[in-house]
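I opened my notebook to write down what I looked up in this structure, one topic at a time.

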Amino acid sequence: VLIVGIKIDLKKTAALWGCIYLFLSIGPFMFWLLPLSLFLAISLGVIFLITLKLWQIGQLVLTKDRVLLFVLFLLYIIHLALPLWGHSFDWSKIFVFSPLLCIIFWEDSIYYKLFRLFRKWMIFFAFFSIVVFILFALGATFDTIPHYEIDGGLISIVKRNVIYYVYGPVVVASNCVYPLLDVMFVRACGPFLEPGHLAIILGFLVAIENILYQKYSIILLICGFLTFSPAFYIIFILICLYNIYYNCQR
């Protein structure tokens with residue numbers, strides 16, 4: 001695609017903005033005290049324009065299965081926003097999830113690019129989470145490592161008295177450190193609010209790696225276990241059971 005004399009790889013651009021949208025929707029600490037809705041609105045607008053351009057050049061996948069998935073997603077998003085069970089109408093749910101309605105029709109090649117890019121981002125965060133875990137295990141404390149503090153009370157979705165210590169690209173919550181004998185165990189949070197959030201993301205990444213590449217990223221695997229979250233352990237057990245079943249069938 002040529003825009004003002006500049007050649008743009010539309011599929012790579014789509015994968016990049018899809019990755020940005022996915023990362024923003026998970027809520028990393030970089031945007032806790034910023035107007036996240038503004039950044040989501042920008043990504044929504046860009047994803048819509050990219051989808052429109054893909055449609056114009058005939059590179060959207062308009063199959064029955066994808067149309068059905070579009071309808072199911074749309075109904076589910078409306079369901080989340082409706083004023084049911086005592087909740088008021090929440091238009092933000094429509095706002096947050098609407099980019100998915102565009103991404104559904106993208107080609108598989110864009111999904112692969114998106115996954116590889118998001119996987120690299122998460123390997124980056126996982127690596128630093130492992131480094132922070134090792135430093136605490138070797139005797140470091142909250143204050144001995146250069147950091148920046150975020151009061152959990154300033155974050156609207158945090159209801160408890162928690163301090164988040166930012167160490168470079170990752171955070172450590174004050175309630176996620178546990179002393180055992182003379183060792184301090186720090187649950188890996190990555191750039192997210194809780195270890196459970198990181199655990200689920202890493203679990204799905206490892207599962208997709210297993211299907212696409214028949215191998216795992218060691219960094220993602222180690223960091224997943226360092227979340228000490230049952231979510232990652234359950235997903236990993238399911239992956240192992242899948243591999244056993246697949247090998248028996250083969």
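**Entry 1: the surroundings of I50**

I looked up the partners of I50 and found that I50 touches L10, T13, A14, W17 and W106, with residues up to four places away in sequence not counted; a contact here means heavy atoms within 4.5 Å. I noted that I50 sits in helix α2, residues 36–56, where helices (H or I, at least four residues) and strands (E, at least two) are DSSP runs numbered from the N terminus. I50 is buried, at a relative accessible area of 6%, and I wrote the classes beside it: buried is under 20% relative accessible area, exposed is over 50%, and partly exposed is in between, with a 1.4 Å probe and protein chains only.

**Entry 2: what I am looking at**

I reminded myself that this is a predicted model, in which local features need pLDDT of at least 70 and side-chain atom pairs count only at pLDDT 80 or more, while totals for chains, interfaces and linings use all residues. Residues are numbered from 1 along each chain as its sequence is written, and side-chain values use heavy atoms, with hydrogens and water left out.

I then noted the overall figures: the protein has 8 helices and 7 strands, and its C-alpha atoms fill a box of roughly 60 × 50 × 50 Å along the principal axes. Of its 250 residues, 39% count as buried. Among contacts between residues at least 6 apart in sequence, 63% join residues at least 24 apart.

**Entry 3: helix α1**

I followed helix α1, residues 10–26, whose 17 residues reach 24 Å from the first C-alpha to the last, close to the 24 Å expected at 1.5 Å a residue; the expected span is 1.5 Å times one less than the number of residues. Its buried residues are L10, A14, A15, G18, C19, Y21, F23 and L24, and what covers them includes α2, α4 (91–103) and α5.

**Entry 4: the salt bridges**

How many salt bridges does a search of the whole structure find? I counted 3 salt bridges, each being a side-chain nitrogen of Lys or Arg within 4 Å of a carboxyl oxygen of Asp or Glu.

In one of them, the side chains of K11 and E107 meet at 2.7 Å, N to O. K11 lies in helix α1 and E107 in the loop between α4 and α5, so this pair ties together parts that are 96 residues apart in sequence. I marked K11 as partly exposed, with a relative accessible area of 23%.

R66 forms another with D108, the closest N and O atoms being 2.7 Å apart. This pair links distant parts of the chain, with R66 in helix α3 (residues 64–81) and D108 in helix α5, 42 residues apart. Here R66 counts as buried at 13% relative accessibility, whereas D108 is partly exposed at 39%.

E209 pairs with R119, and their closest N and O atoms are 2.3 Å apart. E209 lies in helix α6 and R119 in helix α5, so the pair ties together parts 90 residues apart in sequence. I found E209 to be buried, at 0% relative accessibility.

**Entry 5: S129 in helix α5**

Is S129 buried or exposed? I found S129 buried, with a relative accessible area of 6%, and its place is in helix α5, residues 108–137. Leaving aside neighbours within four places in sequence, S129 is in contact with V170, A188, G190 and C223.

I turned to strand β6 (residues 177–180) and strand β7 (residues 183–186), which run antiparallel and are joined by 4 bridges; two strands pair if DSSP finds at least two bridges between them. V177 has V186 in β7 as its bridge partner, and Y178 stands opposite F185 in β7. The hairpin has 2 residues between the strands, and L181 takes a positive phi near 60° there.
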